[in-house]
Amino acid sequence: MSKFNTQITTLFIVLALVCAFVPAFSVEEAEATLLWNTCFVKITPKCALDIIAAVFENGTMPDPCCKDLVKEGKMCHDTLIKYIADKPMLIAHEREYLKKSDDLWKHCVSISKISYE
């Protein structure tokens, strides 16, 4: 139970940081608001944590979350991951995280295509 509470707390911190600082990430304020209103409503908090764990840790991505990620869209996914990877404590490994992000996206697109066939 405490792991779940920690994950939810982490998610809210990440979402608050994204909301607060996306304009500083060379995204116009109106565009940041649009991203917030369109991107983060398409994905569950659990899946958001799974995405972050898959890219920034060694987590695995459940198939249903892959479907949510694809619904969210590549622009939303890339913007969030790039924003997090640009943080001072992560910037040294940014290239690695961006590659993992791209690999995750490709995997999720392939999973989504299979489920629609």
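Student: What share of the 117 residues in the protein is buried?
Tutor: Buried residues make up 39% of them, where buried means under 20% relative accessible area, exposed over 50% and partly exposed in between, with a 1.4 Å probe and protein chains only. This is a predicted model, in which local features need pLDDT of at least 70 and side-chain atom pairs count only at pLDDT 80 or more, while totals for chains, interfaces and linings use all residues. Residues are numbered from 1 along each chain as its sequence is written, and side-chain values use heavy atoms, with hydrogens and water left out.

Student: How many helices and strands are there?
Tutor: The protein has six helices and zero strands; helices (H or I, at least four residues) and strands (E, at least two) are DSSP runs, numbered from the N terminus. Along the sequence the pattern reads α-α-α-α-α-α.

Student: Which residues of the largest nonpolar core touch the most other members?
Tutor: Among its 22 residues, these are Ile51, Phe56, Met61, Leu69, Ile84 and Leu104. A nonpolar core is a set of buried Ala, Val, Leu, Ile, Met, Phe, Trp, Tyr and Cys residues joined through side-chain atoms within 4.5 Å.

Student: And which helix gives the most to this core?
Tutor: Helix α3 does, with six residues. Helices α3 (45-56), α4, α5 (74-85) and α6 each supply at least two residues.

Student: What is Ile51 in contact with, leaving aside neighbours within four places in sequence?
Tutor: Ile51 contacts Ile43, Met61, Leu69, His77, Ile81 and Leu104, contact meaning heavy atoms within 4.5 Å.

Student: Changing topic: where is Asp68 found, and is it buried or exposed?
Tutor: Asp68 is found in helix α4 (residues 63-72).

Student: What about Ser112: buried or exposed?
Tutor: Ser112, in helix α6 (residues 94-116), is buried, with a relative accessible area of 4%. Beyond residues up to four places away in sequence, Ser112 touches Cys66, Lys67 and Val70.
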